Amino acid sequence: MLEIFLSIENEEERQTAEDIWYRYEKHMYKLAKKVLKNDEEAHDAVMDAIYSMVKNIKKFMELSELDTVCLMTVYVRNAALKIYNKNKKNIEYTVSSENIDLLSAESNVEDIVVTEEQYEYLSKHLKNMPEKYAYPFIMRHCYEYSIKQIAAILNLNEETVKKRLYRAKLQLIDTMEHDYA
Amino acid sequence: MRKQVLKNWEKEVAKLAAHEIARDVLAMDVSDVEIPENLKNRINNFFAEEREKKSSRTRAVRRRVAVILIAALLATLTACASIRVIREKIYEIVIEYYEKYFSYKSESQTSENEIETEAEAEAGEFNKRIPSYLPDGYELCMDNSSGDMTSIYYWNSTNGALIAYEQYNIGFFERKGNIEETDMISVKIKNYDGIATVKTKENGYEITLIWNDGRHDYSLVSPLTLEETLLIAESIE
């Protein structure tokens with residue numbers, strides 16, 4: 001009897017997934033093509049993003065439009081980058097990660113004071129951060145995904161997710177300390 | 001400016017960044033974007049499969065539930081058909097809780113001292129008794145009596161009405177009936193407790209009297225009024 005009720009709830013979720021896709025399909029397809037430049041690979045990236053979205057549809061159920069678009073963007077870009085990284089060496093990312101590693105390791109992430117005035121500045125910086133750091137940070141703090149969920153969606157292990165979250169936060173703090181010193 | 005320590009700065013920053021990303025995406029010019037047909041078909045098929053998966057899961061569950069219910073019903077019916085105790089128990093429950101039906105099983109209302117004659121008690125004979133009073137127009141029509149039961153029909157040739165009278169040794173009589181649209185009344189016949197069911201029909205009544213005197217069970221069915229039927233019952237000797 002329980003499965004009957006679950007499937008009734010899932011009907012609403014399935015409908016939500018379809019609505020989201022059909023509303024933003026052109027944007028998502030363009031995003032995928034921007035990364036991959038190849039139709040076939042863009043198709044695969046889009047399908048992977050839809051699979052991920054359907055599997056995690058509960059997160060989408062009560063999001064605002066902007067939150068939905070951002071989360072879909074994360075899924076599509078992540079799927080596209082996975083295919084891109086599988087096919088080619090991504091030298092740019094190697095350079096970016098080195099930059100992050102050079103940041104001050106002595107900053108104490110817990111004792112940081114951030115004012116509301118600094119939010120917008122930091123958010124722009126986060127937006128321009130490499131996606132491998134920005135996306136886990138956004139998924140963790142904006143969408144409240146667990147480390148485990150982020151690892152599953154981004155196809156990383158949990159330790160890697162924790163490190164990237166930490167490094168994203170370090171970079172933001174470093175920005176603040178340098179720019180607001 | 002006073003600086004405040006805010007606990008959820010990461011959440012605020014992440015939310016703002018998420019909205020900026022979303023705005024950039026929504027601001028993209030997609031007027032020249034055409035989703036290729038094969039991709040459209042892939043996506044449509046995917047959602048159609050999802051729909052089918054969910055409904056087939058629901059169908060599978062419903063099928064399982066239906067099979068379990070049918071199996072339980074068959075088991076109950078088999079048990080009822082083959083095991084008398086279960087059948088009677090279920091019937092008792094129906095009778096007890098469902099007031100449309102009544103059940104009468106004779107229990108002796110007398111002690112051994114009240115048995116009519118000692119000879120009858122010792123011999124255990126079936127003493128046939130018949131009504132000595134009948135309303136005008138009724139006469140004996142059929143007598144199906146045997147050594148241990150009386151079954152007589154009295155017929156009114158004017159209106160074709162029948163009175164049916166039965167007598168059994170006590171304990172052999174069990175009556176179950178539908179009392180929908182029927183009144184059930186407790187009565188006394190020669191100081192013995194009995195039950196009368198009164199069913200109103202288009203052309204009169206159908207009265208059924210059931211009682212016992214400690215040795216025999218009696219049943220009297222007539223189309224007359226309750227009072228007239230009781231007179232017939234009182235005259236049985």
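**Interface and rings**

Modeller: In this predicted model, chain B and chain A bury about 5,000 Å² between them, with 71% of it on carbon and sulfur atoms.

Biologist: How many residues of chain A are in contact with chain B?

Modeller: Contact here means heavy atoms within 4.5 Å. Chain B brings 46 residues to it. On chain A the number is 53.

Biologist: Which element gives the largest share of the side of chain B that touches chain A?

Modeller: Nine residue pairs are in polar contact, both residues at pLDDT 80 or more. Two elements of chain B give two or more residues each, α1 (9-26) and α2 (37-82). The largest share, 18 residues, comes from α1(B).

Biologist: Are the rings of W211(B) and Y218(B) stacked or edge-to-face?

Modeller: Over all chains the count is five aromatic pairs. In this one the ring centres are 5.1 Å apart and the planes are at 20°. Planes under 30 degrees apart count as stacked, so W211(B) and Y218(B) are stacked.

Biologist: Is W211(B) buried or exposed?

Modeller: The cut-off for buried is under 20% relative accessible area. Y218(B), at 3%, counts as buried. W211(B) has a relative accessibility of 3%, so it too is buried.

Biologist: Which residue has its charged end over the ring of Y145(A)?

Modeller: The charge must be within 6 Å of the ring centre. Here the distance is 5.0 Å, and the residue is K59(A).

Key:
Residues are numbered from 1 along each chain as its sequence is written. Chains are lettered from A and ligands numbered from 1 in the order in which they are written. This is a predicted model: local features need pLDDT of at least 70, side-chain atom pairs count only at pLDDT 80 or more; totals for chains, interfaces and linings use all residues. Side-chain values use heavy atoms; hydrogens and water are left out. Rings of Phe, Tyr and Trp (its six-membered ring) pair if their centres lie within 6.5 Å; planes under 30 degrees apart count as stacked, over 60 as edge-to-face and the rest as tilted. Buried means under 20% relative accessible area, exposed over 50%, partly exposed in between (1.4 Å probe, protein chains only). A charge sits over a ring if NZ of Lys or CZ of Arg is within 6 Å of the ring centre and within 35 degrees of the ring normal. Buried area is the accessible area (1.4 Å probe) that two parts lose on being put together, summed over both. A polar contact is a pair of N or O atoms within 3.5 Å; within protein, one must be able to donate a hydrogen and the other to accept it, and residues adjacent in sequence count only if both atoms are side-chain atoms. Helices (H or I, at least four residues) and strands (E, at least two) are DSSP runs, numbered from the N terminus.
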